[in-house]
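This report goes through selected local features of one protein model. Please read it with the sequence and the coordinates at hand.

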Amino acid sequence: MDFHAQFDYGKSLAGEYIASFAFPWQALTGLNGFLYALGATLNREYVAVKEGVWVHESAVVAPSALLLPPCVICAGAQVRHGAFLRGGVSVGRNCVAGNSVELKNCVLFDGAQVPHFNYVGDSILGYRAHLGAGAITSNVRLDKRGVAVRGEAVWQTGLKKFGALIGDGAEIGCNAVLNPGCVIGKGTLVLPLASVRGVVEEGRIVKRDGSVVRK
């Protein structure tokens, strides 16, 4: 799989940064530093609501949401009741971070939606990717070993924490689990309750039993 081909890098303020690495997951290590540097360059439409947290004037952030630095919330985004943004978070234009969602060290490209009870850690969600209610990215192996990406080859990421790459327009069904090092190709559908491992090519359907078919 061409990992970079799963994302339209023009659809995120972090696009050029991610594209500069050999593999997209390598961008996660320095994401905090990138966001602090980015925040210093943002125009006056972005309001520094606290040190290290920049929110576009058209974004809607619920009073009950907790935003920890560094964090950038772009135009038209919604951060709803009880959302917890733990730092290292880029929320793109017109994104939704919904009720009781937890985001940590991750990039949401424009239009990505994580609306209900989702955990997204150490992950990248592409343009208009969507997680159904309760779907999560699991970012740490149970044995605490380094995370590998397994597909037609095995890529050792060198990361102890890495959740998923979710390509543009991918749909993740309710209560699905993306295990550490998971890559979901653009336009792929993961059906509810599925537990997904490794690389799934673009334009596929992942069934609850783990089988994969073309759309």
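The model is predicted.

## Cysteines

How many disulfides are there? The count comes to zero. Cys-95 takes part in no disulfide, and the nearest cysteine sulfur, that of Cys-74, is 7.6 Å away.

Cys-182 is buried, with a relative accessible area of 0%.

## Aromatic rings

The model contains 10 aromatic pairs. One of them joins Phe-3 and Trp-25 in an edge-to-face arrangement, with 5.1 Å between the ring centres and 70° between the planes. Why does this pair tie together parts that are 22 residues apart in sequence? Phe-3 lies in the segment before helix 1 (15–19), whereas Trp-25 lies in the loop between helix 1 and helix 2 (31–39), so the contact links those two parts. Phe-3 is buried at a relative accessible area of 5%, and Trp-25 is buried at 2%.

Both residues belong to a cluster: ring pairs link Phe-3, Phe-23, Trp-25, Trp-155 and Phe-162.

The charged end of Lys-11 sits over the ring of Tyr-127, at 4.8 Å from the ring centre.

## Largest pocket

The largest pocket holds about 250 Å³ of space. It is lined by 13 residues, of which Arg-141, Ala-148, Asn-179, Pro-180 and Arg-197 are the closest to its centre. What classes of residue make up the lining of the largest pocket? Five residues are nonpolar, four are polar and four are charged.

## Backbone geometry

Most residues other than glycine have a negative phi, and most peptide bonds are trans. The following residues depart from that pattern.

Pro-69 and Pro-70 are joined by a cis peptide bond, with omega at about -10°. Pro-70 is in the loop between strand 4 (66–67) and strand 5 (71–73).

Phe-117 is not a glycine, yet it has a positive phi of about 55°. Phe-117 lies in the loop between strand 12 (113–116) and strand 13 (119–121).

Asp-122 likewise has a positive phi, near 50°, in a residue other than glycine. Asp-122 is placed in the loop between strand 13 and strand 14 (124–125). Is Asp-122 buried or exposed? At 4% relative accessibility, Asp-122 counts as buried.

## Selected positions and separations

His-130 is part of strand 15 (residues 130–131). With a relative accessible area of 22%, His-130 is partly exposed.

Ala-75 is located in the loop between strand 5 and strand 6 (78–79). Its relative accessibility is 19%, and Ala-75 therefore counts as buried, since the cut-off for that class is under 20%.

Gly-146 sits in the loop between strand 16 (136–137) and strand 17 (147–150). At 35% relative accessibility, Gly-146 counts as partly exposed.

Glu-16 belongs to helix 1. At 72% relative accessibility, Glu-16 counts as exposed.

| Residue pair | Separation in sequence | C-alpha to C-alpha distance |
|---|---|---|
| His-130 and Ala-112 | 18 residues | 5.7 Å |
| Ala-75 and Val-91 | 16 residues | 9.2 Å |
| Gly-146 and Lys-161 | 15 residues | 7.5 Å |
| Glu-16 and Arg-44 | 28 residues | 22 Å |

Read with the positions above, the table places partly exposed His-130 at 5.7 Å from Ala-112, and exposed Glu-16 at 22 Å from Arg-44.

Note on methods: Residues numbered from 1 in each chain as written. Predicted model: local features only at pLDDT ≥ 70, side-chain atom pairs only at ≥ 80, totals over all residues. Heavy atoms only, no water. Disulfide = S-S within 2.5 Å. Buried < 20%, exposed > 50% of the residue type's maximum accessible area, 1.4 Å probe, protein only. Phe/Tyr/Trp six-rings, centres within 6.5 Å; stacked < 30°, edge-to-face > 60°. Helix = DSSP H or I, 4+ residues; strand = E, 2+ residues; numbered from the N terminus. Lys NZ or Arg CZ within 6 Å of the ring centre and 35° of its normal. 1 Å grid on protein atoms, 1.4 Å probe; cavity = no way out; pocket = protein on both sides within 12 Å on 5 of 7 lines; lining within 4 Å. Points joined across faces, edges and corners; volume = space filled by probe spheres on them. Nonpolar A, V, L, I, M, F, W, Y, C, P; charged D, E, K, R; others polar.
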